[in-house]
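Here is a short briefing for a first look at a protein model. Please keep the sequence and the 3D view open while reading.

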Amino acid sequence: MIKEDRSLGMYILLSICTCGIYSWYFIYTMAQDSNTMCQEDGKKTPGLLAFILLTIITCGFYGIYWEYSLANRLAGNAPRYGMNFQENGTTVLLWHLFGALLCGVGPFIAINILIKNMNALAHAYNQGNPQQGYGFSGQHPGQNYLTSNGDDYTMPVEEWKPDQSQIPQGGSMECCRGAYEGTIIPIDGEVIIGRDETCSHIVIKGAEISRKHCGISYDPQTGSYIVTDYSSNGVYYKNGQRFPQNQPVACNAGTIIVIAESGNEFLLK
């Protein structure tokens, strides 16, 4: 379980009572928890030792940068949990820069932003569904979806996924990283991956995902797959090379396609 009840008042009180020692513990746990919740983005928030050393070397400036980068990381991962944070690293940085104009309370407001966003992500993570911003129909666009109140995200429905024991002998792909990791998806016609459930078979919610992000079809005559990138943020090979936009590309079985920077990867079987 990730701690989700941090508060600014407790942070200030315990830091005073422990002569600042608690503030180091606070940084340690924030780094640990953010690395756990945001591990799919491939980044890492530096821990306490690096924080102390770099803060000393930079005369305190690194501490501000650390908060700035952490706030950006939390905001960047929020869509993965069906949320959207208004405050990011820029907001934190501005509170630090103009804190002097508010009798020095700016840094505390910046810390409170980090605490609020961390608690929100921690609560979503602790619900037991880190990918709750995703959904999969298993059938046709616009059908077989279970949507949360407010239509903020679409949740995967286990009983509507294809029977893994009855995958047809033909085209299929396996999610090797992301929301549907371990799921084998049959390819019948063009399978659309995107953010909009009305036009997509595989729904992935996130700011980096286009409404109709890409299409994948299987050519039984050649045994190859046709991948078409319809998106603005791109579809990539595993080596980082981007697919050409709006141009069908033939791929061999064994190709891994990466969907923007969403943390979702699919292996063409």
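The protein chain has a mean pLDDT of 82. Of its residues, 82% reach 70 or more.

**Confidence**
- Residues 128-162 have a pLDDT below 50.
- In the model, this stretch still has 92 contacts beyond near neighbours in sequence.
- Where pLDDT is low, the predicted coordinates should not be read in detail.

**Helices α2 and α3**
- Helix α2 spans residues 21-37, and helix α3 spans residues 48-57.
- Their axes come within 9 Å and cross at roughly 120 degrees.
- From α2, the contact uses W24, I27 and Y28.
- From α3, L48, F51 and I52 take part.
- By class, this contact has 6 nonpolar residues, with no polar and no charged ones.

**Nonpolar cores**
- The largest nonpolar core has 30 residues.
- Those with the most contacts inside this core are F26, M30, M37, W66, L74 and L121.
- Two or more residues each come from α1 (8-17), α2, α4 (61-77) and α6 (106-126).
- The most come from α6, which gives 9 residues.
- Leaving out residues up to four places away in sequence, W66 touches I27, M30, A31, T45, P46 and F51.
- A second, separate core has 22 residues, including C214, I216, V227 and L268.

Note on methods
Residues are numbered from 1 along each chain as its sequence is written. This is a predicted model: local features need pLDDT of at least 70, side-chain atom pairs count only at pLDDT 80 or more; totals for chains, interfaces and linings use all residues. Side-chain values use heavy atoms; hydrogens and water are left out. pLDDT is the predictor's confidence in each residue, from 0 to 100. Contact means heavy atoms within 4.5 Å. Axes are lines fitted to C-alpha atoms, for helices over the stretch in contact, and angles run from 0 to 180 degrees between N-to-C directions. Helices (H or I, at least four residues) and strands (E, at least two) are DSSP runs, numbered from the N terminus. Ala, Val, Leu, Ile, Met, Phe, Trp, Tyr, Cys and Pro count as nonpolar, Asp, Glu, Lys and Arg as charged, and the others, Gly among them, as polar. A nonpolar core is a set of buried Ala, Val, Leu, Ile, Met, Phe, Trp, Tyr and Cys residues joined through side-chain atoms within 4.5 Å. Buried means under 20% relative accessible area, exposed over 50%, partly exposed in between (1.4 Å probe, protein chains only).
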